[in-house]
Amino acid sequence: MTTRFRRLVAATTGLTFALILLGVYTGAVGAGLTCAGRWPFCDGWLGLFPANWMSFIEWFHRFVAMITGFAILGSTVAAWRGDYTRRIRYATGVALAVLPVQVLLGANTIFNFGAVAQVLHHAAALAILVALVAATAWAYVEPPEGGLAAEHQSETAPSHADD
């Protein structure tokens with residue numbers, strides 16, 4: 001397990017948690033309502049740039065979500081391209097598979113603002129977070145590549161030189 005991968009998956013998990021907190025705030029103040037059902041656009045210049053504080057909150061949430069989505073994609077690709085355990089690969093794969101559902105549920109919170117839409121959106125977010133927390137925990141359980149555990153194994157391995 002490389003330190004670089006551990007840091008990537010841990011940062012992705014932290015970013016996902018921060019995004020959930022930002023999403024709770026965005027939903028609590030009703031910032032998505034500034035879009036008036038014009039998802040993916042919103043108010044402002046050409047529907048692309050925030051016109052007021054509430055639309056800024058909505059757009060900032062979307063911006064952080066985009067960065068988080070790319071981090072999840074990057075973590076998944078790194079897990080599958082690297083020589084990591086199956087459980088880490090599947091955990092990141094689950095996070096990536098739920099991501100498009102999460103985006104669509106986020107759009108639904110704008111069109112159908114209410115408790116059910118919010119709960120579904122946050123449930124999908126928690127599914128992604130749980131998968132990433134598991135991947136992060138498993139990444140830190142595995143011994144590091146070329147680290148002390150690998151050196152210790154080579155020292156304690158039985159030698160067949162005397163045979």
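Thr26 is buried, since its relative accessible area is 4%, where buried stands for under 20% relative accessible area, exposed for over 50% and partly exposed for what lies in between, computed with a 1.4 Å probe on protein chains only. The structure described here is a predicted model, in which local features need pLDDT of at least 70 and side-chain atom pairs count only at pLDDT 80 or more, whereas totals for chains, interfaces and linings use all residues. Residues are numbered from 1 along each chain as its sequence is written, and side-chain values use heavy atoms, with hydrogens and water left out.

Thr26 belongs to helix α1, helices being DSSP runs of H or I with at least four residues and strands runs of E with at least two, numbered from the N terminus. The side chain of Thr26 reaches the backbone oxygen of Leu22 at 2.8 Å. When neighbours within four places in sequence are left aside, Thr26 is in contact with Ala31, Gly32, Ile57, Glu58 and His61, contact meaning heavy atoms within 4.5 Å.

The secondary structure of the protein as a whole comes to five helices and zero strands, so that the elements, read from the N terminus on, run α-α-α-α-α. Of the 163 residues in the protein, 38% are buried. Among the contacts with a separation of 6 or more, 67% are accounted for by residues 24 or more positions apart. The protein exposes about 9,500 Å², of which carbon and sulfur atoms supply 70%; accessible areas come from the Shrake-Rupley method with a 1.4 Å probe, and for residues only the protein chains shown count as cover.

The interior was examined for nonpolar cores, a nonpolar core being a set of buried Ala, Val, Leu, Ile, Met, Phe, Trp, Tyr and Cys residues joined through side-chain atoms within 4.5 Å. The largest nonpolar core has nine residues, namely Ile72, Ala95, Val98, Leu99, Leu105, Ala124, Ile128, Ala131 and Leu132. Two or more residues of this core are given by each of the elements α3 (86–111) and α4 (115–141). A second, separate core has eight residues, including Val9, Ile88, Ala91 and Ala139.

Aromatic rings were considered next: rings of Phe, Tyr and Trp (its six-membered ring) pair if their centres lie within 6.5 Å, and planes under 30 degrees apart count as stacked, over 60 as edge-to-face and the rest as tilted. By this rule the count comes to four aromatic pairs. The rings of Phe56 and Phe60 have centres 5.9 Å apart and planes at 20 degrees, and the pair is therefore stacked. Both residues lie in helix α2, four residues apart, which is about one turn of the helix; Phe56 is partly exposed, with a relative accessible area of 36%, and Phe60 is partly exposed as well, at 38%. Trp80 and Tyr90 form a tilted pair, with 5.7 Å from centre to centre and 50 degrees between the planes. Because Trp80 lies in helix α2 and Tyr90 in helix α3, this pair ties together parts that are 10 residues apart in sequence. Trp80 counts as partly exposed at 44% relative accessibility, and Tyr90 is partly exposed at 47%. Ring pairs also link Trp53, Phe56 and Phe60 into a cluster.

Charged side chains were also found over rings, a charge sitting over a ring if NZ of Lys or CZ of Arg is within 6 Å of the ring centre and within 35 degrees of the ring normal. The charged end of Arg6 sits over the ring of Tyr140, 5.3 Å from its centre, while Arg62 lies over the face of Trp59, at 4.7 Å from the ring centre.

Asn52, finally, is placed in the loop between α1 (3–29) and α2 (53–81) and counts as partly exposed, at 38% relative accessibility. A polar atom of the Asn52 side chain lies 2.9 Å from the backbone nitrogen of Ser55. The C-alpha atoms of Asn52 and Thr34, residues 18 apart along the chain, are separated by 9.0 Å.

Notes
Polar contact = N/O pair within 3.5 Å; in protein donor to acceptor, adjacent residues only side chain to side chain.
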